[in-house]
Amino acid sequence: MSELTVSAAIEARRSIRTFTDAPVPDADLTAIVTLAGRAPSAWNVQPWRYVAVRDPAIKARLMGAAYGQAQVGAAPVLLVVYSDMVGALEVLPEAAHPGMPQAARDGMVAQVRGIFGGMPPAMAEGWGNAQSYISIGFLLLAAQSHGYATSPMLGFDAAAVKEILGLPANATVPALVAMGVAAEDGFPTHRFPVDRILRTV
Ligand SMILES: Cc1cc2nc3c(=O)[nH]c(=O)nc-3n(C[C@H](O)[C@H](O)[C@H](O)COP(=O)(O)O)c2cc1C
């Protein structure tokens with residue numbers, strides 16, 4: 001199947017909560033998450049991390065943490081997206097662009113670590129969570145482009161999700177994303193007209 005253009009993926013995407021038995025091969029999963037990882041972030045911090053859950057027993061536990069939302073258990077792949085600012089700041093030297101002179105890279109790393117180090121942890125966590133939604137947007141469109149439907153979710157107990165997967169204590173969980181081949185059409189897209197959301201001055 002040929003990949004959809006960005007515009008076609010945006011037009012076709014809608015939340016899908018039932019899936020066929022068709023698997024999501026590792027090659028497709030890797031390609032989709034690679035594209036999600038191409039999202040931009042301030043200072044290129046890239047705090048998002050993905051756990052792809054295929055194990056039915058773990059999906060069943062996560063479904064419990066998501067208040068029984070059936071798509072969590074039913075999707076061939078359940079992506080748990082989390083933001084790890086502590087881990088991201090540790091590997092920040094790798095995120096500094098190799099095209100920059102070394103002194104500029106070192107300066108950027110020191111500056112960014114200083115900014116976040118002087119911030120209440122909850123503020124840094126909120127910042128990382130916001131950056132991670134950019135990656136989630138890329139993920140939804142990348143999946144659609146590769147022929148997979150998704151259901152992004154915020155309806156879950158983040159502490160329980162973190163405990164089930166052993167995520168770092170500082171992690172935030174901006175979304176669970178169920179992914180697979182659609183077994184339903186979903187609701188037709190219903191959005192405000194552009195003049196509600198755009199003003200040119
Ligand atoms: C961040 C986020 C959280 C959401 N949480 C849930 C959820 O917990 N359960 C659910 O069934 N749908 C959830 N949705 C789906 C929205 O209800 C849906 O995107 C919206 O109604 C627009 O419909 P569409 O995605 O089909 O275009 C969520 C969507 C987003 C973007």
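Let's start at the ligand of this predicted model, which is surrounded by Arg 13, Arg 14, Ser 15, Arg 17, Gln 69, Gln 71, Pro 152, Met 153, Leu 154, Gly 155 and Arg 191, each with a heavy atom within 4 Å of the ligand. Residues are numbered from 1 along each chain as its sequence is written, and side-chain values use heavy atoms, without hydrogens and water. In this predicted model, local features need pLDDT of at least 70 and side-chain atom pairs pLDDT 80 or more, while totals for chains, interfaces and linings use all residues.

By class, this shell has 3 nonpolar, 4 polar and 4 charged residues, with Met and Pro among the nonpolar types, Arg among the charged ones and Gly counted as polar.

Now for the polar contacts (N or O atoms within 3.5 Å). A polar side-chain atom of Ser 15 lies 2.6 Å from a ligand oxygen atom, and one of Gln 69 lies 2.8 Å from a ligand nitrogen atom. Pro 152 brings a backbone N or O atom to 3.1 Å from a nitrogen atom of the ligand. On its own the ligand has 620 Å² of accessible area, of which the protein covers 61% (Shrake-Rupley method, 1.4 Å probe).

Next, find the open sheet, where 4 strands (DSSP E runs of at least two residues) follow the order S1-S2-S4-S3 with antiparallel pairing, a pair needing at least two DSSP bridges. Strands S1 (48–53) and S3 (149–153) stand at the edges with a single partner strand each, so one side of each has no neighbour in the sheet. S1 pairs with S2 (residues 77–83) over 6 bridges, and Arg 49 has Tyr 82 in S2 as its bridge partner.

Technical notes: Polar contact = N/O pair within 3.5 Å; in protein donor to acceptor, adjacent residues only side chain to side chain.
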